[in-house]
Amino acid sequence: MAMSDPIADMLTRIRNANVRKHKTVDVPSSKMKLAIADILVREGYVEKYELVDNGNFKDIRITLKYTADGSERILSGIKRISKPGLRVYAGKENMPKVLNGLGTAIVSTNVGVITDKEARQKGVGGEVLCFVW
């Protein structure tokens, strides 16, 4: 059966692995998922990601990030906003702020997949994919 929302599947895999304090999580690869993983690394929510060849297809292996002693998670929450049944768009003037700027919104725009801060700087709007805090 075909998956209706692969981005939500990626975010759920990351959330579940993070709650269980796993070191890594594997996600089927796509360009959009690679862009999201890149933002998560740049913003400091995950340690790194790498492409792993898994036979016929490729996976993204995401290494999750914890405090130095490993007791606390860096990634507190991750939530899908725009879904296939209800797309959520934001213009440049009403770009959402997550936890008053403490979190990050990941937005798909015509200049690529970027954070809400970058979208405000560039003056573009787009589809709000998810919130990360």
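## Salt bridges

Asp9 and Arg13 sit four residues apart in helix H1, so about one helical turn separates them. Their side chains form a salt bridge with an N to O distance of 3.0 Å. The criterion is a side-chain nitrogen of Lys or Arg within 4 Å of a carboxyl oxygen of Asp or Glu, and by this rule there are nine salt bridges.

## Basis of the values

The model is predicted, with pLDDT of at least 70 required for local features and 80 or more for side-chain atom pairs, while totals for chains, interfaces and linings use all residues. Residues are numbered from 1 along each chain as its sequence is written, and side-chain values use heavy atoms, without hydrogens and water.

## Packing of H1 and H2

Helices are DSSP runs (H or I, at least four residues), and strands are E runs of at least two, numbered from the N terminus. H1 (residues 6–19) packs on H2 (residues 31–42) at about 35 degrees, the axes being 10 Å apart; axes are lines fitted to C-alpha atoms over the stretch in contact, and angles between N-to-C directions run from 0 to 180 degrees.

The contact (heavy atoms within 4.5 Å) involves Pro6, Ile7, Met10 and Ile14 of H1, and Met32, Lys33, Ile36, Ala37 and Leu40 of H2.
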